[in-house]
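The structure is shown first, and the description follows.

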Amino acid sequence: MEAQPERPPLRLGEPAPRFSARSTQGPVDLADFRGRWLMLFAHPADFTPVCTSEFVALARAAGEFEKLDCALIGISADSLYSHLAWIRMIHDLTGETVGFPVVEDPTMEIARAYGMIGRGAQDAGAMRMTCFIDPDGVLQASTSYPANVGRSIPELLRLLQALQHTQNGDVLAPADWQPGDPLFKAPREMASDALSGTLPTDWFFTKADK
């Protein structure tokens, strides 16, 4: 069999690859989520300690994502029936209902399209990746964690709000920004701007009006 060329890695600012798949909430098509934000997050395997803790935390925070008009989709290489058994176990163990779809990706085709694993990967061990997709279907941010470290849900919510606030490109979110904190104006790009400010930093380091 002839070797297939390596798929170029998905980069920020590029359209998110469309997929259709079975999920715990019925068939899912990425195109159905156009018009709102989407957080697509992969986990290495069902019935594992770190992944279970993440899904419990995300189930509890689902309303906060909904308030920000952001849908959630989980994905792993496990089968739909494994997903169903797992979310039942989560409900019985904690009382939390996983109401967002959990997609099956047994061939890891979706994971490869998103760069969650390498083309030649034989298992899903590297699949703890989170992708933020904007209402136009464009990848705006991604984060990756190893299999033995769980994600921070407050940080995911902070990143989502930072992306939403800065989407128009006229403001920027500085280090350690939290919702409600001042943003920064985008730098100006003319010599006249650099020379006309009261302070020498006014052209590139100025807080935006709230």
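## Helix H4 on the sheet

Helix H4, residues 153-165, lies across E3, E4, E7 and strand E6 (129-133), and runs at about 25° to E6. The model is a predicted one.

## The sheet

The sheet is open and has five strands, in the order E5-E4-E3-E6-E7, with mixed pairing. Strand E5 (102-104) and strand E7 (139-144) are at the edges; each has a single partner strand, so one side of each has no neighbour in the sheet. From one strand to the next, the twist averages 20°.

Strand E3 (residues 37-42) and strand E4 (residues 70-76) run parallel and are joined by six bridges. Leucine 40 stands opposite isoleucine 73 in E4. Helix H1 (residues 49-67) also packs on the sheet, where it touches E3, E4 and E5. The direction of H1 makes about 155° with that of E4.

## Strand E6 and its partners

E3 and E6 run antiparallel and are joined by four bridges. Leucine 38 has isoleucine 133 in E6 as its bridge partner. E6 also pairs with E7 in the antiparallel sense, over five bridges, and threonine 130 has threonine 143 in E7 as its bridge partner. E6 and E7 form a hairpin with five residues between them. In the turn, glycine 137 has a positive phi of about 85°.

In a regular strand, side chains alternate between the two faces of the sheet. Met129, Cys131 and Ile133 point one way from E6, while Thr130 and Phe132 point the other way. Are these residues of E6 buried or exposed? All of them are buried, and E6 is described as mostly covered, with five of its five residues buried.

## How H1 meets H4

Two packed helices are described by the angle between their axes and by the distance between the axes. For H1 and H4, the angle is about 25° and the axes are 11 Å apart. Angles under 35 degrees count as roughly parallel, and therefore H1 is roughly parallel to H4. The crossing of the two helices, H1 and H4, is right-handed.

Which residues of H1 and H4 meet? On the H1 side they are Ala57, Leu58, Ala61, Glu64 and Phe65, and on the H4 side Ile153, Leu156, Leu157 and Leu160. The residues of this contact of H1 with H4 divide into eight nonpolar, no polar and one charged.

Methods
Residues numbered from 1 in each chain as written. Predicted model: local features only at pLDDT ≥ 70, side-chain atom pairs only at ≥ 80, totals over all residues. Heavy atoms only, no water. Pairing = 2+ DSSP bridges. Axes fitted to C-alpha atoms, helices over the stretch in contact; angles between N-to-C directions. Contact = heavy atoms within 4.5 Å. Parallel < 35°, antiparallel > 145°, perpendicular 65-115°, else oblique. Left-handed = near helix turned anticlockwise from the far one by under 90°. Nonpolar A, V, L, I, M, F, W, Y, C, P; charged D, E, K, R; others polar. Buried < 20%, exposed > 50% of the residue type's maximum accessible area, 1.4 Å probe, protein only.
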